[in-house]
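Reader: Got a fold I'd like to go through. Can you put it up and start with the surface?

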Amino acid sequence: MRRTGTTRRGALTATGALALGAVLTGCGGDDEGAGGKRAARAATAKAEKALREKAVRDGALLLARYDLVAEAHPATAAGLEPLRAAVAEHGQALAPPRAKDDPKKGAPKGEEAPPAPAGPVSADPKAAVRELAAAERRRADGYGEALLAAGPELARLLASVAAAAAAHAYLLTELAEETAV
């Protein structure tokens, strides 16, 4: 078997680094005054909501990309379905919490129709699956960077989703190799 761009050792190293980042994010001290604490919490909540909304939008784009590849290359659909289902669950987990008692809020941004993904799907099934793997790698990297701006709770969730995205990238790379042209 030929070596792929993502090895098990590399995926495990990335997962460990993301988990360590999540742990260290939750270890900060809190020596601000009471007024500073409220302002800091409000700023953190606003930043986390923006992070969650962006993650949901990015996940919706990726779901649409999975659908396009499965539709264009039906032979890959069975291998893509479990990964697509996991991406959908990640979107639900990352969605900003709704205000239960606020009827004015309406649907959160994560439930709006996703924008159409950019660009057509490759005519070659192997290339199309490799493009999905690259998108999952970008997703893992993006969530890894977002850990720095997230609070402890969201950081743990982002670390888990980033690890799953790295695993998806590995599995998609393997699927691309097994796909017949």
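Author: Here it is. Keep in mind that this is a predicted model. The protein chain exposes about 10,800 Å². Carbon and sulfur atoms supply 58% of that area.

Reader: And what share of the residues counts as buried?
Author: 35% of the 181 residues.

Reader: How many helices and strands?
Author: 5 helices and 0 strands. From the N terminus on, the order is α-α-α-α-α.

Reader: What about contacts along the chain?
Author: Take the contacts with a separation of 6 or more. Residues 24 or more positions apart account for 81% of them.

Reader: Now the inside. Which residues have the most contacts in the largest nonpolar core?
Author: Leu62, Tyr66, Val69, Leu80, Leu132 and Leu172. That core has 16 residues. Two or more residues each come from α2 (34-72), α3 (77-94), α4 (125-146) and α5 (152-178). The largest share is from α4, with 5 residues.

Reader: Pick Leu172. What is it in contact with?
Author: Setting aside neighbours within four places in sequence, Leu172 contacts Tyr66, Leu80, Leu83, Val129, Leu132, Ala133 and Glu136. There is also a second, separate core of 13 residues. Ala55, Leu147, Ala159 and Ala162 are among them.

Reader: Switching topic. Where is Arg139?
Author: In helix α4.

Reader: What does Arg139 touch?
Author: Beyond residues up to four places away in sequence, Arg139 touches Leu62, Val87, His90, Val161, Ala165 and His168.

Terms used. Residues are numbered from 1 along each chain as its sequence is written. This is a predicted model: local features need pLDDT of at least 70, side-chain atom pairs count only at pLDDT 80 or more; totals for chains, interfaces and linings use all residues. Side-chain values use heavy atoms; hydrogens and water are left out. A nonpolar core is a set of buried Ala, Val, Leu, Ile, Met, Phe, Trp, Tyr and Cys residues joined through side-chain atoms within 4.5 Å. Buried means under 20% relative accessible area, exposed over 50%, partly exposed in between (1.4 Å probe, protein chains only). Helices (H or I, at least four residues) and strands (E, at least two) are DSSP runs, numbered from the N terminus. Contact means heavy atoms within 4.5 Å. Accessible areas come from the Shrake-Rupley method with a 1.4 Å probe; for residues, only the protein chains shown count as cover.
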